[in-house]
Amino acid sequence: MEIEEYARIAAAEDDHWWYRATRAVMADLLDPWLAPGPAAGPTAGPTAGPTAGLEERRILDAGCGPGGNGAGLAAAGAVVGIDVSPDALAFVQARRPGTTPVAGTLERLPFADASFDVVAAITVLYCVDDDAGAVRELARVLRPGGAALMIEPAFAWLTRAHDKTVHSRRRYTRPGLAATARAAGLTVRRATYAYSFLVPPAGALALAERLRPHATADAGSDVERRTLDPAFARLAHAERQWLRRRNLPVGSSVVVLASRP
Ligand SMILES: C[S@@+](CC[C@H](N)C(=O)[O-])C[C@H]1O[C@@H](n2cnc3c(N)ncnc32)[C@H](O)[C@@H]1O
């Protein structure tokens, strides 16, 4: 990811509508694993429920960036943020006291088997060379009964300049990301799209960038585009009520919630 993008994300992630909405979706989906009460320990068996055991809950923010989304989980347990970028980890160190920063790659996580209750990978796998290997690692460090939440950009045809700024390798479909989770040995509990209302504007931007690459050359960061924030925040709020009960057939992100058997 380009270094300036970490500073842009760090400046925006506390109040930007997308980050706020994403933290709300994370909280909704992970609620059974994050609800107050004792967390399951690494030795909990396959039949352990979301809140079995006695140890403090351990949460991994995989590819944490400047750390804002993972920090949203800090009230529920001890958050470890791992990232390959020292620039990202410097922001975590300076701004997120509830998160322990760790340098490393998702493809080779420096953690013991079954050492986390919850793993979140938010807009990360699309930047990773070996995404299938990374998801296998996420599954390995998850304790039996623990939850992995992945939220990744959807649909190759929505690729835009922002993808280049964050060094994106790919975008996902719902069946594709769910299949990657299953191949890693996880049980898929939810697989849906999100941010359905972003598909028309993101599609229009992608098309405009393809038709007029020079005219849109400075359009490399989504977090600085704020004009429609109030409208998007309202739409995200409404969509979240829907997502609490049902899946969406289209959206600019893919969401997969899985657990380790
Ligand atoms: C688009 S940012 C997302 C950051 C954060 N998860 C969020 O929600 O704001 C992607 C992050 O993944 C990190 N990353 C990319 N490839 C990685 C890898 N193989 N291992 C660990 N981190 C990686 C990048 O350094 C970057 O901080």
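In which handedness of crossing does α5 pass α7? Right-handed. Keep in mind that this is a predicted model. Let me take that helix pair first.

Helix α5 covers residues 131-141, and helix α7 covers residues 174-183. Their axes are 8 Å apart, and the packing angle is about 50°. That angle makes α5 oblique to α7. Who makes the contact? On the α5 side, Asp131, Ala132 and Val135. On the α7 side, Thr180, Ala181 and Ala183. Sorted by class, the α5 contact with α7 has four nonpolar residues, one polar and one charged.

Now the second pair. Helix α2, residues 17-34, packs with helix α9, residues 229-243. Here the angle is about 10°, with the axes 9 Å apart. An angle under 35 degrees counts as roughly parallel, and α2 and α9 are therefore roughly parallel to each other. From α2 come Trp17, Ala21, Ala24, Val25 and Asp28. They meet Asp229, Phe232, Ala233, Ala236, Arg240 and Leu243 in α9. By class, the contact of α2 with α9 has eight nonpolar residues, three charged and no polar ones.

On to the core. In soluble globular proteins, nonpolar side chains tend to be buried together. The largest nonpolar core in this model has 67 residues. Those with the most contacts inside the core are Val119, Leu138, Ala148, Leu149 and Val256. Take Ala148. Not counting residues up to four places away in sequence, Ala148 touches Val119, Leu138, Ala139, Leu142, Leu186 and Ala258.

Next, Val188. You will find Val188 in strand β6, residues 187-194. Is Val188 buried or partly exposed? Partly exposed, because 16 other C-beta atoms lie within 10 Å. Leaving aside neighbours within four places in sequence, Val188 is in contact with Ala178, Ala181, Arg182, Val256 and Ala258. Ala147 sits 41 residues from Val188 along the chain, and their C-alpha atoms are separated by 9.7 Å.

Last, two backbone points. Phe155 has a phi near 65°, a positive value in a residue other than glycine. Look for Phe155 in the loop between β5, 142-153, and α6, 161-165. Phe155 is buried, because 20 other C-beta atoms lie within 10 Å. Tyr195 also has a positive phi, about 60°, although Tyr195 is not a glycine. Where is Tyr195? In the loop between β6 and α8, the latter being 199-211. With 24 other C-beta atoms within 10 Å, Tyr195 is buried.

Methods
Residues numbered from 1 in each chain as written. Predicted model: local features only at pLDDT ≥ 70, side-chain atom pairs only at ≥ 80, totals over all residues. Axes fitted to C-alpha atoms, helices over the stretch in contact; angles between N-to-C directions. Helix = DSSP H or I, 4+ residues; strand = E, 2+ residues; numbered from the N terminus. Parallel < 35°, antiparallel > 145°, perpendicular 65-115°, else oblique. Contact = placed C-beta atoms within 7 Å. Nonpolar A, V, L, I, M, F, W, Y, C, P; charged D, E, K, R; others polar. Core = buried A, V, L, I, M, F, W, Y, C linked by C-beta atoms within 7 Å. Buried ≥ 20, exposed ≤ 12 C-beta atoms within 10 Å, placed from the backbone. Left-handed = near helix turned anticlockwise from the far one by under 90°.
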